[in-house]
Amino acid sequence: MKRLLFILSVIILASCGRKASDENLKIFRYNESAGILTLDPIYAKDQPHIWACNQLFNSLVAFDDEMNVVPAVAKSWDISEDGKTYTFLLRNDVFFHNDSCFNGMRRRVVAQDFEYSFNRLTDRKLSSPGTWIFATVDSYRALNDSVFQIDLKEPFPAFLGILSMTYASVVPHEAVEFYGDSFGRHPVGTGPFKFQYWKEGVRLVMRRNPDYFEEIDGVKLPYIDAVSVSFLIDKQVAFMEFVKGKTDFMSGVDARYKDELLTRDGFLRSKYHDKFYLIREPYLNTEYLTFFIDTQEERADKEREVALRQAVNYSIDREKMLRYLRNGIGTPGNGGIIPAGLPGYDSLGQIGYAFDQHKSFDLVEKYHLYGSEIKLYTTKDYIDLAKFVQSSVTDVGLVCRVEEMMPAALREKRAQCSLPFFRSSWVADYPDAENYLSLFTTGNFAPKGPNYTHYSNTRFDELYAKAISTNDLKIRAKIYHEMDSLMMTEAPVVILFYDEVLRFVNKKVSGFNGNPVNLLNLKTVKID
């Protein structure tokens with residue numbers, strides 16, 4: 001009888017229009033317009049794949065919604081005094097999803113599984129885009145079933161957070177061997193949900209894992225029965241499905257219906273208050289414009305170029321820009337490169353460039369910059385922001401021309417260091433300010449690294465080396481703030497805004513929170 005009920009539940013989950021599923025099962029539904037190609041965590045390089053894999057897999061550690069590193073499969077860890085050796089003590093109650101590859105056995109996770117998973121991640125034949133997360137790793141090994149150790153080549157405090165990434169998920173060798181190349185279509189992990197059904201381009205269903213190891217106040221997680229993902233490509237259609245209550249959650253807002261949903265100040269319009277609610281959180285994404293700095297300039301020219309970059313920075317009214325172009329979404333970029341939500345962020349407004357036309361005019365006059373021409377390269381999606389900057393710069397006596405490029409062409413020219421001024425953004429790979437400040441180290445000069453500005457400062461490089469040699473977050477935050485302030489003095493970038501996560505959630509859903517990396521965590525969600 002139980003088997004029959006189970007089969008009926010799967011059929012209900014896989015179908016698209018049966019109201020009975022709403023009455024009998026607590027199912028969280030969302031749409032993924034970009035589609036999903038694989039559920040193998042070593043290939044989870046973007047948001048759609050990370051979101052799905054996060055329901056199915058666990059790593060040694062995780063981040064909570066406040067971006068604190070918390071235990072996952074590892075219940076505790078120790079970092080050596082020199083900051084190079086990480087020793088993890090694993091839980092003994094974590095089991096892989098019940099699957100036919102185990103021949104009816106209940107399979108517990110042991111340290112050797114992480115050794116296998118990391119070997120698989122770094123296997124060049126598999127070409128995982130996540131191999132970079134082990135760039136600082138010298139070796140790793142299972143000391144016994146319960147203890148796993150990682151040795152770094154040099155201290156790197158952000159490494160613990162990197163281990164929370166989906167790439168570092170634990171997988172069982174039995175499943176990989178059993179399913180072979182099809183493992184990405186029949187994943188087996190330890191997460192709060194287990195793979196149930198997937199018809200490409202139609203629907204993905206993940207069912208509650210009854211053996212999941214986490215609980216709250218003695219109640220096992222997750223609370224809901226299943227997660228159902230649809231793949232409607234047309235975002236307008238997906239939006240209408242959400243408004244009708246056919247899906248429970250929508251991330252972000254498309255320009256086509258931005259004004260329909262939000263007021264000028266970024267609040268949810270009152271006509272939708274009875275249907276869904278809005279969660280706004282800082283997002284670890286800094287949007288900015290990049291200047292390429294010619295390191296061969298004479299000193300007099302250098303001072304003039306710095307003044308030009310500062311004048312551009314002061315000329316932009318970022319509050320006005322966000323209000324009229326983004327319905328108030330985001331925080332004005334009046335500080336440095338470090339976004340809101342990370343230690344080191346300029347919360348007091350001590351660095352950076354708030355709108356001040358008088359200072360901009362003074363710099364133009366002092367350094368005889370009137371009529372100086374700059375050309376801003378951008379893509380179609382950001383042409384409105386570029387034109388706002390163009391107007392702002394023109395108002396203080398400079399000349400700004402805007403040229404639109406295809407994204408691929410802009411990336412190529414940027415890597416070749418052939419664009420003098422262009423639109424950029426940086427979304428954190430891991431929640432540590434080092435991820436942003438490393439963009440300006442001399443050792444990361446493009447094309448070999450991501451320093452597309454070619455900003456170089458000996459003091460900045462010294463502070464960077466000092467920051468990554470300490471595990472004390474408070475000390476690092478102070479160093480990060482000093483680095484950010486030092487870099488912004490020469491203004492190699494124009495910070496436009498720090499982005500925000502917008503989550504529109506059906507009112508029947510509770511326990512659904514936002515977080516600065518926009519990770520989809522459904523293990524604590526409840527549906528009334």
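**Strands, helices and charged pairs**

Let's start in strand β12, where Val229 is the bridge partner of Tyr30. Helices (H or I, at least four residues) and strands (E, at least two) are DSSP runs, numbered from the N terminus, and two strands pair if DSSP finds at least two bridges between them. You are looking at a predicted model, in which local features need pLDDT of at least 70 and side-chain atom pairs count only at pLDDT 80 or more, while totals for chains, interfaces and linings use all residues. Residues are numbered from 1 along each chain as its sequence is written, and side-chain values use heavy atoms, leaving out hydrogens and water.

Strand β1 (residues 27-31) pairs with β12 in the parallel sense, over five bridges. Strand β9 (residues 203-208) also pairs with β12 over five bridges, in the antiparallel sense. Here Val205 stands opposite Ser228 of β12. Strands of a sheet pair through backbone hydrogen bonds, either parallel or antiparallel.

Is β12 largely enclosed or open to the outside? Five of the five residues of this strand (residues 226-230) are buried, so β12 is largely enclosed by the rest of the structure. Buried means under 20% relative accessible area, exposed means over 50%, and partly exposed lies in between (1.4 Å probe, protein chains only). Both faces of β12 are covered: Ala226, Ser228 and Ser230 are buried on one side, and Val227 and Val229 on the other. In the loop between β11 (219-220) and β12 you will find Pro222. The peptide bond leading from Leu221 to Pro222 is cis, with omega near -5°. A cis peptide bond also joins Ala446 and Pro447, with omega about 10°, and Pro447 sits in the loop between α14 (434-437) and α15 (458-467).

Now turn to an open sheet of four strands, which follow the order β4-β5-β7-β6 with antiparallel pairing. Its edge strands are β4 (74-79) and β6 (137-142), each of which pairs on one side only. On average, neighbouring strands of this sheet are turned by 15° against each other, direction ignored. Such angles run from 0 to 180 degrees between N-to-C directions, and axes are lines fitted to C-alpha atoms, for helices over the stretch in contact. Strands β5 (residues 85-90) and β7 (residues 147-152) run antiparallel and are joined by five bridges. Thr85 stands opposite Asp151 in β7. Helix α4 (residues 111-121) lies across β5, β6 and β7, and runs at about 145° to β6; contact means heavy atoms within 4.5 Å.

Asp151 has another partner too: Arg141 forms a salt bridge with Asp151, and their closest N and O atoms are 2.8 Å apart. A salt bridge is a side-chain nitrogen of Lys or Arg within 4 Å of a carboxyl oxygen of Asp or Glu. This pair links strand β6, which holds Arg141, to strand β7, which holds Asp151, the two being ten residues apart. Asp151 is buried at 15% relative accessible area, whereas Arg141 is partly exposed at 27%.

By the salt-bridge rule the count comes to 21. One of them joins Glu174 and Arg107, whose closest N and O atoms are 2.7 Å apart. Glu174 belongs to helix α6 (residues 173-179) and Arg107 to the loop between β5 and α4, 67 residues apart. Arg107 is buried, with a relative accessible area of 15%. Together, Arg107, Asp113 and Glu174 are linked in a network of salt bridges.

The loop between β5 and α4 also holds Asn103. Its phi is near 55°, a positive value in a residue other than glycine, and Asn103 is exposed at 69% relative accessibility. Ala491 likewise has a positive phi, about 50°, without being a glycine. Yet Ala491 counts as buried, at 0% relative accessibility.

We finish with two helices, α10 (residues 318-325) and α12 (residues 383-395), whose axes come within 11 Å and cross at roughly 145°. Which residues of α10 and α12 meet? Lys320, Met321 and Leu325 in α10 meet Asp384, Leu385 and Phe388 in α12.
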